[in-house]
Amino acid sequence: PSATCSLIIIDINSIDMIRKECRNNISEKFIVEFGQILQETFRGADIFGNFGNDQFGVFLKGAASIPLLDMKCGMIGKKLTGYAQRELSTDISYEIGCAAADEESVDVVKMFGQSYKALEAAKSSEKKKHYIEKYK
């Protein structure tokens, strides 16, 4: 079926460092804070998930505006780095990849692959921390 939706993948590379260098309750507090950042940034109807040790996903039904996604990805980064500097006295390393479908017939597996490809593009970029790709 045709749908307007987006899938965002967030890779927080610093989680292992936080777990190793900080007490365990600090890393748990960081994960809780990150969950709150996601809840503040997105809608209650959006779907959040965690896969792997340091990757998180957000599925947004009814949202595919590139400027909106760009703003939200930027907000995540700003809030993450602010929290890490303020509460952990450290910098945090992260990348965000996103695929956006606007009234397209969406294959979820293909969309995940495109989001992951966008994440890899963000990882290879020296300037951009997030990359958004139009679903094809």
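View 1. Ile132 belongs to strand β5 (helices, H or I with at least four residues, and strands, E with at least two, are DSSP runs numbered from the N terminus). The model shown is predicted, with local features needing pLDDT of at least 70 and side-chain atom pairs counted only at pLDDT 80 or more, while totals for chains, interfaces and linings use all residues. Residues are numbered from 1 along each chain as its sequence is written, and side-chain values use heavy atoms, with hydrogens and water left out. Ile132 is buried, at a relative accessible area of 17% (buried means under 20%, exposed over 50%, partly exposed in between; 1.4 Å probe, protein chains only). Ile132 touches Ile66, Leu69, Asp70 and Cys98, not counting residues up to four places away in sequence (contact: heavy atoms within 4.5 Å). The C-alpha atoms of Ile132 and Ile66 are 7.2 Å apart, with 66 residues of separation in sequence.

**View 2. Pairing of β4 and β5.** Strand β5 covers residues 130–134 and pairs with β4 in the parallel sense, over 5 bridges (strands pair if DSSP finds at least two bridges between them). Gly97 has Tyr131 of β5 as its bridge partner. With helix α4 (residues 108–124), β4 and β5 make a left-handed β-α-β unit (right-handed would be a clockwise path from the first strand over the helix to the second, with the strands pointing away from the viewer).

**View 3. The β2–β3 hairpin.** Strand β2 (residues 47–51) runs antiparallel to β3, joined by 5 bridges. Phe48 stands opposite Val58 in β3. The hairpin has 3 residues between its strands. Gly52, in the turn, has a positive phi of about 70°.

**View 4. The largest nonpolar core.** This core has 29 residues (a nonpolar core is a set of buried Ala, Val, Leu, Ile, Met, Phe, Trp, Tyr and Cys residues joined through side-chain atoms within 4.5 Å). Ile8, Ile10, Ile12, Phe30 and Leu80 have the most contacts inside it. Two or more residues come from each of β1 (2–12), α1 (15–21), α2 (24–41), β3 (55–61), α3 (66–88) and β4 (94–105). Helix α3 gives the most, with 7 residues. Ile10 is in contact with Phe34, Leu38, Asp54, Gln55, Phe56, Val58, Ile76, Glu95 and Ile96, leaving aside neighbours within four places in sequence. Another core, of 7 residues, lies apart; among its members are Cys5, Val106, Met111 and Tyr135.

**View 5. Aromatic pairs.** There are 5 aromatic pairs (rings of Phe, Tyr and Trp, its six-membered ring, with centres within 6.5 Å; planes under 30 degrees apart are stacked, over 60 edge-to-face, the rest tilted). Phe30 and Tyr83 form a tilted pair, 6.1 Å centre to centre and 40° between the planes. Phe30 is in helix α2 and Tyr83 in helix α3, so this pair ties together parts 53 residues apart in sequence. Both Phe30 and Tyr83 are buried. Elsewhere, ring pairs link Phe51, Phe112 and Tyr116 into a cluster.

**View 6. Lysines over tyrosine rings.** The charged end of Lys110 sits over the ring of Tyr135, 5.4 Å from its centre (NZ of Lys or CZ of Arg within 6 Å of the ring centre and within 35 degrees of the ring normal). Lys129 places its charged end over the ring of Tyr94, 5.2 Å from the centre.

**View 7. Ser89 in its loop.** Ser89 lies in the loop between α3 and β4. Its phi is positive, about 55°, although Ser89 is not a glycine. Ser89 is exposed, with a relative accessible area of 67%.
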